[in-house]
Amino acid sequence: MNVKELDSKYIAHTYGRFPLTITRGKGSLAYDENGREYIDMSTGIAVNTFGYSDDVWAQAVASQASTLSHTSNLYFTEPCAKLAELLCQRTGMSKVFFSNSGAEANECAIKAARKYAAARRGNDYFTILTLRNSFHGRTITTLAATGQDTFHNEFLPLTEGFDYVEANNIEDLKNKVKDNKVAAIMFEFVQGEGGVTPLSKEFVDAIFSLCAENDIVTIADEVQTGNGRTGALYAYMNYGVTPDIISTAKGLAGGLPLGATMLSDKLSEVFVPGDHGSTFGGNPICCAGALSILSRLDDELFAQVKEKAEYIRSELSSADGVVSIDGMGLMLGITTVKPVDEIVNRCMADGLLVIKAKTKLRLLPALNIPWDTLKQAVENIKTACKTEA
Ligand SMILES: *Cc1c(COP(=O)(O)O)cnc(C)c1O
């Protein structure tokens, strides 16, 4: 049996895969089993921050793999400690908990917020408000946090204590804060899976002032928006606010599984030994990969991210078949005249890998995608979007 046949026979059918087997990749280019080349603007869903198998990253990972691959969290290791230091220095946060995925980073954020609220205000202050159309993960608790009924229906009952606010609706936000005993508000600055929709500055300001007035914890889910994706290290930096908790994962380790939950000063002592843990969390190889990525996420790169985002917007906003463009930095959602599936398939046939978010075309290129590669990709997108063939 070939790879596709083996996969259909033995892999649980949770994914709708494209008819493509990727065998290798370098930077922004991927290759299939026949050696055909594709430009990749999906980066494993915002994971391959510097593209496939980046040389500097691969060297850091390989060197760590042959020095110390894994040990338990009963012992200290340098990559984990150094990465936590770097994250705290660059965000102003005080403590970090490492896990393996976005869902787990959010689970930790929820546990931290609930423990904090219970101690400060009483055991009945457990409700976490999230936003409609959000995405926070696939575990039973992060599914409850995800404000989309379609994800919930067949898995009830979910973890209790979640309520949902309409994104960018300040009235609804105020009412939900009044009607519940709220421990925390959790949100994505740009809703990724929900359609690449940024929160308005007014709505974000309303969240932060309501939370300050009511001693409610702010949790920024930066799993997708984090690690340079929006043209700042974390998206909150574009809004001039500071969350109490930041969760991140996806692009953090540039292609290895690593989640991080960062706690600000006021939550820094919330956990005591035994409260939380993860066997693989803070694994030395993953942390070495993340150190390599994070040390290269600097102002020069962010300027490039913004310049490339501007280029994509200016080229596509007036293109035939493009209705509008949403997003921030190199996390873009394009509304097209033609159905998005048609465009994604046409791009793939022409050698370009793009994905969708709801009904929009979603672009998540490597942050260092070369200009000539980007220009070719934009031409392919224009061709695919064209209404008259
Ligand atoms: C992808 C994503 C998650 C879930 O991350 P996993 O690593 O798949 O568990 C959570 N929140 C947001 C905003 C995401 O984009």
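1. By class, the lining of the largest pocket holds 22 nonpolar, 14 polar and eleven charged residues. Here Ala, Val, Leu, Ile, Met, Phe, Trp, Tyr, Cys and Pro count as nonpolar, Asp, Glu, Lys and Arg as charged, and the others, Gly among them, as polar. A pocket is an open set of points on a 1 Å grid over the protein atoms alone, with protein on both sides within 12 Å along at least five of seven lines, and lining residues have an atom within 4 Å of a point.

2. A word on the basis: this is a predicted model, where local features need pLDDT of at least 70 and side-chain atom pairs count only at pLDDT 80 or more, while totals for chains, interfaces and linings use all residues. Residues are numbered from 1 along each chain as its sequence is written, and side-chain values use heavy atoms, with hydrogens and water left out.

3. Back to the largest pocket, which has about 2,000 Å³ of space. Of its 47 lining residues, Tyr15, Gly44, Ile45, Glu193 and Arg362 lie nearest the centre. Helix α12 (340-349) is among the elements that each supply at least two lining residues, along with α2 (43-46), α5 and β16 (355-357); α12 gives the largest share, four residues. Helices (H or I, at least four residues) and strands (E, at least two) are DSSP runs, numbered from the N terminus.

4. A cavity is a set of grid points where a 1.4 Å probe fits but cannot get out. Its lining includes Ala46, Thr49, Gln224 and Arg229, and by class it has two nonpolar, five polar and one charged residues.

5. Next, Asn106 in helix α5 (residues 102-121). Asn106 is buried, with a relative accessible area of 0%; buried means under 20% and exposed over 50%, with a 1.4 Å probe and protein chains only. Leaving aside residues up to four places away in sequence, Asn106 touches His136, Thr142, Met186, Asp221, Val223 and Ser247, where contact means heavy atoms within 4.5 Å.

6. Finally, helix α3 (residues 55-65) has Trp57, Val61 and Gln64 as its buried residues. Seen down the axis of α3, they fall within an arc of 65 degrees, so they line one face of the helix; the arc is that of the directions from the helix axis to the C-beta atoms. Asp55 and Gln59, on the other side of α3, are exposed. The cover over the buried residues of α3 includes α4 (78-91) and α10 (284-294).

Methods
Grid points are joined across faces, edges and corners, and a volume is the space filled by probe spheres set on the points.
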